[in-house]
Amino acid sequence: MDFGLTDEQEQLKSGARDFLANECSSAVVRKVMAEESGLAPELYKKIAELGWTGMIIPEEFGGLGLGMLDLAVLLEECGYAAMPGPFAFSAGIAASALKLGGSPQQCQRWLPGLAAGSVTGTVAMVEESDSLDPADITLSAARDGSGFVLNGVKLFVPYAHAADFMVVAARINPGPDGLDFFLVEGGASGVTSRIMRNVDQTRRICEVKFDGVKLAQDARLPNRAELLDRLIDAGAVIMAADCLGGSERALEMAVEYSKVREQFGRPIGSFQALQHLAAELIAAIEPARSLLWYAAYAQDAGLEDASRAASMAKARLSAVYSRTADQSVLMHGGIGFTWEHDIHLWFKRARFDDPFFGDPVFHRERVAVLSGY
Amino acid sequence: MDLNLTPEEEAYREQVRAWLANNRPVALHQRGVVDGKTWVERAKDWQRRLYEGGLLALSWPREYGGQALDPMRQAIVSEELARANVGGVVGGNAIGMLGPTLITWGTEEQKRRYLPKILTGEEIWCQGYSEPGAGSDLASLRTRAELQGDEFVVNGQKVWTSGAHIADMMFGLVRTNPDAPKHKGISYLLIDMKSPGITVRPLVQMNGEADFCEVFFDNVRVPRANLVGELNEGWKVANTTMVHERNWLGASPQRLFDKLMERARQQRRRGVPMTSDPLFRHRLVDMQIDVEAMRLHALRLLSNAIHKRQGGVENMVAKLVGTELHHRMALTAMDMLGDYGTLARGEQSALDRGVWSATWFGSIARMFGGGTSEIQKNVIAERGLGMPKSR
């Protein structure tokens with residue numbers, strides 16, 4: 001029994017921390033924030049060379065064939081650095097969608113490129129209702145000869161403006177038949193993406209309109225049963241890992257500031273009002289790390305409670321990150337409210353992460369249902 | 001990450017489970033005399049049986065009554081004891097805190113003299129730390145011990161001393177040098193509670209029971225051989241005890257949560273069970289997540305111990321988080337129960353035999369006993385996060 005990271009995972013983590021400290025400083029993050037595309041292509045090329053983009057892609061498709069825990073370890077560091085760009089959404093969530101739901105041909109078509117970092121993909125799930133409840137996913141995929149035609153609008157789709165492909169959740173028949181998932185190539189006729197202005201400028205999300213988009217029969221993912229749930233599991237762990245790293249960083253910044261900022265003739269970090277606040281935050285972060293590790297491991301090991309573990313991790317880490325980031329800004333006082341100080345990068349990223357792939361209320365309800373409440 | 005047990009460990013678990021299925025304590029939830037034996041006698045009997053069954057302090061060295069087994073076996077036993085719901089043992093404080101301290105700091109003679117009887121329950125211990133003027137600021141303690149020849153002469157008073165009225169021995173802190181800075185003049189002594197000059201006065205607690213006591217020392221003579229560690233170095237020794245105390249008190253509240261869920265499923269408001277009431281449903285899930293986090297967190301700390309990894313601030317949070325969670329669970333139960341929550345133990349209409357009000361009282365004691373939550377936060381901030389000292 002060992003509830004902990006392997007030596008390889010520890011090395012992966014410390015290697016990622018060092019790499020991102022050099023290659024993804026806040027100056028780099030701010031430069032990407034200011035660009036329209038928000039893609040950070042040079043950085044993406046470098047992380048692809050390190051193998052990050054192929055982390056969870058099977059070796060037969062050019063990846064490293066590692067697991068969610070390995071990916072979570074990396075994503076924690078990406079959260080710590082507030083790394084911009086599509087990495088988590090493409091190499092994490094879109095790769096999972098293909099792995100879990102795609103045919104061998106579909107996997108062969110896209111996974112090697114994802115692993116090499118030469119293409120990116122994304123997943124289009126929620127609509128105007130902003131809901132992951134299958135009943136709220138209504139985008140139409142009407143039969144059209146042997147193929148399909150998509151009509152409708154998706155919202156909050158990460159990096160759709162630059163994606164080479166999208167996995168789109170849609171319905172062939174209205175009603176309770178269940179969802180289907182389709183592969184749509186970037187630039188397909190009838191698809192228009194518009195970047196939605198959002199507060200977290202380290203991320204880009206899009207409104208994607210599907211206006212009579214014609215798809216061939218083989219665009220449909222064959223393994224659709226439970227795919228939505230499995231994708232929620234993967235997405236929850238992926239986002240929770242970002243939350244963990246971001247929480248750590250925000251608190252670290254606040255604690256470091258409290259050691260140097262003096263008031264009443266002493267460092268403000270010597271005041272118990274701030275000490276106790278910081279202690280409460282770290283006392284929430286560390287057990288939540290244990291939840292995340294277990295949730296990732298449960299997916300890798302195919303444990304029965306993998307869905308519940310994923311929802312527990314996301315419910316808790318969403319809330320932990322939001323609270324930690326809020327309080328860390330407050331510990332800075334006025335300087336924390338300036339554009340110049342970096343803390344607002346994590347403050348805003350926390351708010352993006354909180355609802356994405358399910359907010360705490362959604363995941364608590366999922367835990368309740370899975371626990372037979 | 002690997003949560004599988006080896007076949008040997010699985011077999012061991014089965015063996016422990018089978019033992020616990022065949023051995024049950026006698027009426028430990030009842031105070032007073034049962035079958036001609038007092039509660040203390042019955043509790044000691046049970047501890048002795050557990051010890052003889054090989055279920056106590058598995059990791060202690062063999063020569064002092066342990067089995068020198070790895071922490072994983074200890075964890076399996078702890079889990080099975082919790083699952084069997086047999087409650088704690090009367091000598092739990094000595095096994096959990098004093099034993100590890102003596103193994104680290106004690107002389108060979110002290111280890112041989114005291115450790116085996118801690119395990120068998122032949123000697124029950126109490127912890128003599130707090131004083132009327134020394135609570136959170138424990139190092140300001142004033143109980144004086146003067147060395148006269150081969151003996152210390154102890155004068156002063158301890159308070160909130162749990163179990164002093166049933167204890168055979170006390171492990172305590174005394175001031176041996178009043179002129180040194182406060183942390184430098186303290187020694188760690190083992191004191192026979194039958195010594196002349198000791199007076200124990202139980203204090204009635206808010207729950208009506210009398211487990212914690214005042215202890216008065218009037219020229220109590222303690223052999224120098226009962227000093228643990230060096231003279232005036234008792235604070236260092238006490239720190240070992242406190243680390244073990246934090247872990248001991250922060251144990252997983254899974255069992256309490258299970259009971260809370262049972263109650264929530266039965267308890268109805270406007271015709272629906274509490275598990276379907278929108279407010280309570282989410283409060284319950286929130287605590288379920290915290291209970292699971294603490295369970296996994298304990299596995300993580302256990303793994304650090306097994307694989308000899310140092311760890312950092314994660315080692316300091318269990319007492320704070322575990323006791324606050326315990327309190328939230330008790331409060332949730334009280335909130336669910338409404339007027340029924342106000343019924344005392346023994347009232348015929350009380351639900352679950354009135355256990356929830358008792359749990360609520362107990363949850364308060366957990367949060368200050370063994371270092372208040374505020375002191376825990378000081379330690380986490382200063383030692384865990386490296387924030388500047390507040391004093």
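**Reading the cavities and a sheet**

Modeller: In this predicted model, helix α5(A) contributes the most to the lining of the largest cavity, namely three residues.

Biologist: How many cavities of 30 Å³ or more does the structure hold?

Modeller: A cavity is a space where a probe fits but cannot get out. The structure holds four such spaces of 30 Å³ or more, and the largest has a volume of about 90 Å³.

Biologist: Which elements give two or more residues to the lining of the largest cavity?

Modeller: They are α4 (68–81), α5 (87–101) and α7 (227–260) of chain A. The lining includes Leu75(A), Phe87(A), Ile238(A) and Arg349(A). By class, eight of its residues are nonpolar, one is polar and three are charged. Domain 1 (7–119) and domain 3 (227–370) of chain A each provide at least three residues.

Biologist: Which residues line the second largest cavity?

Modeller: This cavity, of about 50 Å³, is lined by Leu291(A), Tyr294(A), Asp305(A), Arg308(A), Ala309(A), Met312(A), Glu292(B) and Leu296(B). Helix α9(A) gives the most, with three residues. The lining divides into five nonpolar, no polar and three charged residues.

Biologist: In what order do the four strands of the open sheet lie?

Modeller: The order is β2-β3-β7-β6 in chain A, with antiparallel pairing. An edge strand pairs on one side only, as do β2 (140–144) and β6 (191–196) of chain A. From one strand to the next, the twist averages 10 degrees.

Biologist: How many bridges join β2(A) to β3 of chain A?

Modeller: Five bridges join β2(A) to β3 (residues 147–158). Asp144(A) stands opposite Gly147(A) in β3(A).

Notes. Residues are numbered from 1 along each chain as its sequence is written. Chains are lettered from A and ligands numbered from 1 in the order in which they are written. This is a predicted model: local features need pLDDT of at least 70, side-chain atom pairs count only at pLDDT 80 or more; totals for chains, interfaces and linings use all residues. Side-chain values use heavy atoms; hydrogens and water are left out. Two strands pair if DSSP finds at least two bridges between them. Axes are lines fitted to C-alpha atoms, for helices over the stretch in contact, and angles run from 0 to 180 degrees between N-to-C directions. On a 1 Å grid over the protein atoms alone, a cavity is a set of points where a 1.4 Å probe fits but cannot get out, and a pocket is an open set with protein on both sides within 12 Å along at least five of seven lines; lining residues have an atom within 4 Å of a point. Grid points are joined across faces, edges and corners, and a volume is the space filled by probe spheres set on the points. Ala, Val, Leu, Ile, Met, Phe, Trp, Tyr, Cys and Pro count as nonpolar, Asp, Glu, Lys and Arg as charged, and the others, Gly among them, as polar. Domain bounds come from an automatic or database domain assignment.
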